[in-house]
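Subject: Structure for you to look at

Hello,

Here is the structure I promised to pass on. Please open it first, then read my notes below.

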Amino acid sequence: MTDKKNKTPKCSLCDKPRSDKYRPFCSKHCADLDLNRWLTGQYAIPVEEEEPDDFDRAISQANALSNEENDPKKLN
Ligand SMILES: [Zn+2]
């Protein structure tokens, strides 16, 4: 085991030699990219959608409209 080659560690995202400042990445760019990916992965969990306050009202309005349209008296 002679001639030990000190391999330069590579950036986790690309194959450029990593920088001490931004390890395990080569640059702030790659560090940001990875952080972003991590964060978006964390926040990609679907959140429960809140029903709008007037959801029920909108539904009954739609029902009233379709009832009017299907009213046999109006059709004739
Ligand atoms: Zn990189």
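Which pattern does the protein follow, read along the sequence? The pattern is α-α-α. There are three helices and zero strands.

Please keep in mind that this is a predicted model. The average pLDDT of the protein is 78. A score of at least 70 is reached by 67% of the residues. Among the elements, helix 1 (residues 28-43) has the highest mean pLDDT, 85. Helix 3 (residues 72-75) has the lowest, 64.

Next, the overall picture. The protein has 76 residues, and 7% of them are buried.

Now for some single residues. Start with Ala31, which sits in helix 1. Is Ala31 buried or exposed? Ala31 counts as buried, because 20 C-beta neighbours lie inside 10 Å, and 20 or more is the cut-off for a buried residue. Leaving out residues up to four places away in sequence, Ala31 touches Tyr22 and Phe25. Ser12 is 19 residues from Ala31 in sequence. In space, their C-alpha atoms are 8.9 Å apart.

Then go to Lys16. Where is Lys16 placed? Look in the segment before helix 1. Lys16 has 13 C-beta neighbours inside 10 Å, so this residue counts as partly exposed. Which residues does Lys16 touch, not counting those up to four places away in sequence? They are Lys10, Cys11 and Cys26. There is also a distance to check on screen. Lys16 and Ser27 are 11 residues apart along the chain. Their C-alpha atoms are separated by 9.2 Å.

Last, look at the backbone at Pro24. Pro24 also belongs to the segment before helix 1. What kind of peptide bond joins Arg23 and Pro24? The bond is cis, with omega at about 5°.

That is what I found.

Best wishes

How values were computed:
Residues are numbered from 1 along each chain as its sequence is written. This is a predicted model: local features need pLDDT of at least 70, side-chain atom pairs count only at pLDDT 80 or more; totals for chains, interfaces and linings use all residues. Helices (H or I, at least four residues) and strands (E, at least two) are DSSP runs, numbered from the N terminus. A residue is buried if 20 or more other C-beta atoms lie within 10 Å of its own, exposed if 12 or fewer, and partly exposed in between; C-beta atoms are placed from the backbone. pLDDT is the predictor's confidence in each residue, from 0 to 100. Two residues are in contact if their C-beta atoms, placed from the backbone, lie within 7 Å.
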